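Morning, everyone. Please take a look at the model on the screen, and then I'll walk you through a few spots.

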Amino acid sequence: MKKGDLVIFALIIIGIISVYTYNGRQGEDDVLIVEVRIDGEVVDRFNLEDEVDKEYHTEYGFNHLHIHDGSASIIAADCRDQICVNTKDATKAREALVCVPNRFTVEIIGEGGDIDVISQ
Amino acid sequence: MSSHNKARKIVYMGLLISLAMALSYFERFIPLPYNVPGMKLGLANIITVTCVVYFKKSEVFLIVISRILLTALIIGSMMSFFYSLAGGVLSSLGMVFVYHFFKKYVSTIGISVLGGVLHNVGQLLVLSVITGRTTIALYYAPILMVAGILTGIFVGITSMYFIKHVKVIFRFNS
């Protein structure tokens, strides 16, 4: 370990902290929306409180989305790595489930009265 | 450089590429505590760090790109190719830059930590292009960068020993 290593460490840690604080900057949101995207296009929007059990068959592959009791998860997929199936359930705003091989993303978006105030 | 030396160098480059491919294949069987897209040990970075120390700048990129292309052809997919390419090119750019300009001040640990983190940054850039959402990439960024630091330390220590022991072989009269 030399001095330069510590500089690299410090720069990276500053980067991590700034991204982390940027992510947490938005306040808590009232309504949580589950946004399903395939290849970057929004295909479905659900309320996180809904009961949803839907299978998506696309040209990229197959994913089975399940939403119940305010938590969203992918319970089955035909992708090879199965990372999306093993990711922990998304329950809070900005949490996401991503299936890279099938270009399938599920993102929880907070929509509330105060989000407009922040963006103005 | 004599033609004998050139041939030797090409042979060693081939050996290092195959070593890196074997490492990136076998690291898939080591389970990780968290499931985050793109998170991996990055054992192939041991080879890249060694190349940064022993080979010329252009040769490092040749080795990294050939390794990624061959790995994608044999065990990967189209998607994983773009991810590895963005990560690999960005991380080797960073490591080559730091090694050549700040050689005196950094050890292999610093170089490989930077490489590991830049690899994740490159992958997140591709993720945000593919998903069309920067929020997802930003959500994963902190945990992936922390993982990059931890695996980078491990990879850096391993490369330190590897570099020490292959010193005898890699004596090019260039």
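Start with Arg103(A). Arg103(A) is buried, with 21 other C-beta atoms within 10 Å. Buried means 20 or more other C-beta atoms within 10 Å of a residue's own, exposed means 12 or fewer, partly exposed is in between, and the C-beta atoms are placed from the backbone.

A word on ground rules. This is a predicted model: local features need pLDDT of at least 70, side-chain atom pairs count only at pLDDT 80 or more, and totals for chains, interfaces and linings use all residues. Residues are numbered from 1 along each chain as its sequence is written, while chains are lettered from A and ligands numbered from 1 in the order in which they are written.

Back to Arg103(A). Find it in the loop between β6 (96-99) and β7 (104-111) of chain A. Helices (H or I, at least four residues) and strands (E, at least two) are DSSP runs, numbered from the N terminus.

Next, Asp39(A). It sits in the loop between β1 (31-38) and β2 (41-47) of chain A. Is Asp39(A) buried or partly exposed? Partly exposed, with 15 other C-beta atoms within 10 Å.

Now the interface. 26 residues of chain B are in contact (C-beta atoms, placed from the backbone, within 7 Å) with 27 residues of chain A. On the chain B side, α5 (108-131) and α6 (134-165) each supply at least two residues. The largest share, 9 residues, comes from α6(B).

Methods: Two residues are in contact if their C-beta atoms, placed from the backbone, lie within 7 Å.
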